[in-house]
Amino acid sequence: MTTMSLSSTLVLILLSLHSISSLDAHKDGFSVEIIHRDSSKSPLHRPTETQFQRVANAVGRSINRANHFNQNTPKANITRDDGEYLLSYSVGTPPFQVYGIADTGSDITWLQCKPCKPCYNQTSPMFDPSKSSTYRILSYSSKICKSVKGTTKDGDHCEYTISYGDGSKSQGDLSEEILTLDSTNGSSIQFPRTVIGCGRRNTVSSEGKASGVVGLGRGPVSLISQLGSSIGGKFSYCLAPTSNTSSRLNFGDAAVVSGKGTVSTPIFSRGAVFYYLTLEAFSVGNKTIQLGSSSSESDGEGNIIIDSGTTLTLLPDDVYSKLESAVAHEVKLKRVKGPLSLCFESSFHDLKAPVIMAHFRGADVKLNAVNTFVEVDERVVCFAFVPSNLAIFGNMAQMNLLVGYDLEKKRVSFKPTDCTNQ
C-alpha cells in the first residue's frame, strides 16, 4: 500500500493550450488532466513543507470552508495556500493563460484584470482586457446581469461583488469573453461568450499564482452551468491518492458513471450554488450512527454538501462524536496527540483501519483507510473527519471513487475505481 499523506488530497488541474478545434467535435465529451498539487509537475510544489504543516493548513481551510458555506451572500473560498485546486485556462483573443482556484462552492468565474486598484500580489501575468478583441462588458439591463446575485449598476455596466469569509472582496465588470480549455487528446475547445468577472478592485488576502476563482457550482453563471448544453449537465472526476499520478476531470458523455458497483443518490436543491446530498447514516463495525433533522434545516433531506474544494469531511458535533467513538473502539492502537481529534501511533501502511460505510439515500459508499485516515507525521495517523456546524463530504472521502454529477437527472453517482490506473 502506498503511504497516504495529506498532500495527496490537494490536486491541481492543469490545462495547456494546443490547436483550437470546434466544440461540435466534442459532443461525445472530453477530459482534462488533473495532477496533485504536490506533484513535482505542480507550480505549487513546496518540497520544504512538512506533512504536519499540510495537515494543519488543511484543517484551517476546511473549517473556514464551513464558514463560507454558511454565508447568504455570494462567497468563494480563497485560502492562504491558493486553494485546493488550481485551474489553468485561457481567456481572450489572442488567448491569454491565467490560473484560477477551482471552487465547486462558487457560482462565478472571476480573474484579476488590468487596471485594478487595489490589486493583490499575483505572481502570474495579469489579464488586460483592452488587448483582447472579443472582450465585452455586460449591460446592467441584461438578463445575465439580473440573474447574478449581488450585481449593481456602474453607469450602464453590470458590476459584480463577491465576498470572502475573511472579509476580502473582488469587485469589477461582469463581462463576456472566449474561454479555452484543453482536452487530454491534444486539442483545445473554445467556449465563446463565457460570462466572467473582470476584477478591478480586489482585496484578497492570499497571494500567489492564482488570478481569481473558477466557479464550478450550480449558480447560473458558473462554468458548469454555462457549459450545460454542450456537456449535457454532466461532469465527473477521479482523485488518485498518490501525489505523482495524474487523474482526469471529465465532461459530457465522457463523464457518465456506469457499470458494476455504481450507486447513485439524488441532488437536493437548497439554494442556487451548492451540491446537497442526503446522508442517512454511517456504519462502523456493528454500530450505526444516524443523521437526521438534528443535523439539517430540512428534516434530513439535503443534509450534507459534497465538495471537491474541502479536504476533510465535516460533520455536526453530535454525529462526529458518535462516529469518533465507534472508530476509536475499532482501532486497537495507542492514541496520541495530533492536529486532529482522533490520532494513533502508527504508520499509514501498518494501520488496520475499519471500513466505514456512508449510507446516502439509495447509495451505500464504502470508505477505506485512504478516505478516512491521514498520516500527519512519522508514525502518527489521524482520523480525517472533524466536528463542525454543518456537514461537508470532502475530497479525501472521495478518493479512489469515480464521482459523477448529472445535473439534468439531478443525481451524483459513485463507482469504486483505482484512480491511479484510470
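This is a predicted model: local features need pLDDT of at least 70, side-chain atom pairs count only at pLDDT 80 or more; totals for chains, interfaces and linings use all residues.

Q: How many aromatic pairs does a search of the whole structure find?

A: The search finds 15 aromatic pairs. One of them is F274 with Y276, an edge-to-face pair at 6.4 Å centre to centre, with 70 degrees between the planes.

Q: Are F274 and Y276 buried or exposed?

A: Both F274 and Y276 are buried.

Q: Which residue lies over the face of Y276?

A: That is R270, at 4.5 Å from the ring centre of Y276.

Q: Give me another pair. How are F282 and F385 arranged?

A: F282 and F385 are edge-to-face, 6.0 Å centre to centre, and their planes make an angle of 70 degrees. The pair links distant parts of the chain, since F282 is in strand β17 (residues 279–284) and F385 is in strand β26 (residues 385–388), 103 residues apart. F282 and F385 are both buried.

Q: Which residues form one aromatic cluster with those two, F282 and F385?

A: The cluster is formed by F282, Y320, F344, F373, F383 and F385.

Q: Y320 takes me to helix α5. Which residues are buried in α5?

A: Y320 is buried there, along with V319, L323, E324, A326 and V327.

Q: Why would residues three or four places apart point the same way?

A: Because an α-helix has 3.6 residues a turn.

Q: What span should α5 have, and what do its end C-alpha atoms give?

A: Helix α5 (residues 317–330) has 14 residues, which at 1.5 Å a residue should span 20 Å. Its end C-alpha atoms are 20 Å apart, so the two agree.

Q: Loops now. Where is F348?

A: F348 is in the loop between β21 (343–345) and β22 (356–360). With a relative accessible area of 2%, F348 is buried, because the cut-off for buried is under 20%. The C-alpha atoms of F348 and E375 are separated by 5.8 Å, and the two residues are 27 apart along the chain.

Q: And K114, where does that lie?

A: K114 lies in the loop between β6 (110–112) and β7 (136–137). Its relative accessibility is 41%, so K114 counts as partly exposed.

Q: What does K114 touch, leaving out residues up to four places away in sequence?

A: K114 touches M126, F127, D128, P129 and R200. As for S130, it is 16 residues from K114 in sequence and 8.4 Å away in space, C-alpha to C-alpha.

Q: Last topic, the whole protein. How many helices and strands does it have?

A: The protein has six helices and 29 strands. It has 422 residues, and buried ones make up 59% of them.

Q: What share of contacts between residues at least 6 apart in sequence join residues at least 24 apart?

A: That share is 70%.

Q: What does the accessible surface come to?

A: About 16500 Å², and 48% of that belongs to carbon and sulfur atoms.

Notes
Residues are numbered from 1 along each chain as its sequence is written. Side-chain values use heavy atoms; hydrogens and water are left out. Helices (H or I, at least four residues) and strands (E, at least two) are DSSP runs, numbered from the N terminus. Buried means under 20% relative accessible area, exposed over 50%, partly exposed in between (1.4 Å probe, protein chains only). Contact means heavy atoms within 4.5 Å. Accessible areas come from the Shrake-Rupley method with a 1.4 Å probe; for residues, only the protein chains shown count as cover. Rings of Phe, Tyr and Trp (its six-membered ring) pair if their centres lie within 6.5 Å; planes under 30 degrees apart count as stacked, over 60 as edge-to-face and the rest as tilted. A charge sits over a ring if NZ of Lys or CZ of Arg is within 6 Å of the ring centre and within 35 degrees of the ring normal. The expected span of a helix is 1.5 Å times one less than its number of residues.
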